[in-house]
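Me: Please take me through this structure by question and answer. I am new to it.

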Amino acid sequence: MLSGMARAPGHPQPDLRDLLTSWELSLRAERKSPQTVKSYGDGVRAFLAWAEAAEVTPELSRAQLRRFIDALLTDGARPSTAVSRHLAVRRFSAWLADEGEIPVDELLGVKAPKLDKPVIQPLTDEQLKALLKSCRGSDLRDKRDEAIIRLMYTTGMRAGEVVALRLSDLNLTRNPPAVIVRRGKGARAASSHSPPRLRLPSTVTAGPVARTAWPTPTPFGSATAARSSLTTPCTRR
């Protein structure tokens with residue numbers, strides 16, 4: 001059947017709220033990340049809440065999806081939020097069609113809202129020095145924070161990539177030392193950065209450590225891109 005066709009005569013409107021629970025169970029069974037399951041669930045629940053507030057019967061039609069997205073943007077939602085909600089409802093509709101709960105996925109091919117590309121101003125030299133100065137302490141947490149800042153500046157790593165790092169991702173026996181950076185949804189993909197002159201404290205897991213003399217960081221690639229990575233919002237993938 002072609003996308004956009006009307007609902008088959010006599011085909012009852014399914015209870016979308018009940019089916020949402022089944023969809024989330026299906027997503028978990030497919031080993032989707034908890035964040036993906038939450039994002040999709042929140043998007044569909046927002047759609048159902050909007051329909052209830054607007055006193056309309058929720059249905060997965062193009063017209064109703066457009067009204068929902070328009071209401072989000074009109075109420076001040078960020079374009080990224082509207083895109084996330086739009087995707088969730090579309091994926092839900094596709095799953096319902098695959099499961100035979102609806103005769104056709106009417107949302108197939110519906111375009112998402114346009115996203116504005118944010119302009120992120122990189123840190124200046126003075127700001128970077130002030131940031132490092134704030135980590136001058138004898139506590140292990142201070143040294144951890146300094147290591148994170150210097151690692152991001154030296155390699156240009158994103159905040160989300162730093163959050164996803166594990167101790168096993170650091171290879172100090174390699175010359176130069178290598179840091180495995182996990183990228184992609186669910187952090188499945190990986191690439192390697194080699195910070196040329198970055199030295200970490202000899203003890204990074206427990207107990208106080210003597211202050212380490214940190215060398216001036218050598219940017220890995222673009223210095224502007226490296227400074228920009230320090231201002232990028234930290235998000236889980």
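Me: Which residues of H2 does H1 meet?
Reply: This is a predicted model, in which local features need pLDDT of at least 70 and side-chain atom pairs count only at pLDDT 80 or more, while totals for chains, interfaces and linings use all residues. Residues are numbered from 1 along each chain as its sequence is written, and side-chain values use heavy atoms, with hydrogens and water left out. Helices (H or I, at least four residues) and strands (E, at least two) are DSSP runs numbered from the N terminus, and contact means heavy atoms within 4.5 Å. From H1, the residues Leu16, Arg17, Leu20, Trp23, Glu24, Leu27 and Arg28 meet Val37, Tyr40, Gly41, Val44, Arg45, Phe47, Leu48 and Glu52 in H2.

Me: How many nonpolar, polar and charged residues does the contact of H1 with H2 have?
Reply: Ala, Val, Leu, Ile, Met, Phe, Trp, Tyr, Cys and Pro count as nonpolar, Asp, Glu, Lys and Arg as charged, and the others, Gly among them, as polar. By these classes, the contact of H1 with H2 has 9 nonpolar, 1 polar and 5 charged residues.

Me: Are H1 and H2 roughly parallel or roughly antiparallel?
Reply: Axes are lines fitted to C-alpha atoms, for helices over the stretch in contact, and angles run from 0 to 180 degrees between N-to-C directions. Angles under 35 degrees count as roughly parallel, over 145 as roughly antiparallel, 65 to 115 as roughly perpendicular and the rest as oblique. The axes of H1 (residues 16-29) and H2 cross at roughly 175° and come within 10 Å. H1 is therefore, relative to H2, roughly antiparallel.

Me: Is Tyr40 buried or exposed?
Reply: Tyr40 is found in helix H2. Buried means under 20% relative accessible area, exposed over 50%, and partly exposed in between (1.4 Å probe, protein chains only). Tyr40 has 6% relative accessibility, so it counts as buried.

Me: Which residues is Tyr40 in contact with, leaving aside its neighbours within four places in sequence?
Reply: Tyr40 and Arg85 are 45 residues apart along the chain, yet their C-alpha atoms are separated by 7.4 Å. With neighbours within four places in sequence left aside, the contacts of Tyr40 are Trp23, Leu27, Leu87, Ala88 and Arg91.

Me: With which side chain does the side chain of Ser33 make a polar contact?
Reply: Ser33 is found in the loop between H1 and H2, and it counts as buried because its relative accessibility is 19%. A polar contact is a pair of N or O atoms within 3.5 Å; within protein, one must be able to donate a hydrogen and the other to accept it, and residues adjacent in sequence count only if both atoms are side-chain atoms. At 2.8 Å, the partner of the Ser33 side chain is that of Thr36.

Me: What phi does Arg31 have?
Reply: Arg31 lies in the loop between H1 and H2. At 76% relative accessibility, Arg31 counts as exposed. Although Arg31 is not a glycine, its phi is positive, about 65°.

Me: What phi does Glu55 have?
Reply: Glu55 lies in the loop between H2 and H3. Its relative accessible area is 74%, so Glu55 is exposed. Glu55 is not a glycine, although it has a positive phi of about 60°.

Me: At what angle do H2 and H3 pack?
Reply: Gly43, Ala46, Phe47 and Trp50 in H2 meet Gln64, Arg67, Phe68 and Ala71 in H3. This contact of H2 with H3 has 5 nonpolar, 2 polar and 1 charged residues. H2 and H3 are roughly perpendicular to each other. The axes of H2 (residues 34-53) and H3 (residues 62-74) are 10 Å apart, and the angle is about 95°.

Me: Which helices do the buried residues of H4 pack against?
Reply: The buried residues of H4 include Ala82, Val83, His86, Ala88 and Val89. The buried residues of H4 pack against H1, H2 and H3.

Me: Which residue caps the N-terminal end of H6?
Reply: A side-chain oxygen of the capping residue lies 2.8 Å from the backbone nitrogen of Arg141. The residue is Asp139.

Me: How many helices and strands does the chain have?
Reply: Along the sequence the pattern reads α-α-α-α-α-α-α-β-β-β-α. The chain has 8 helices and 3 strands.
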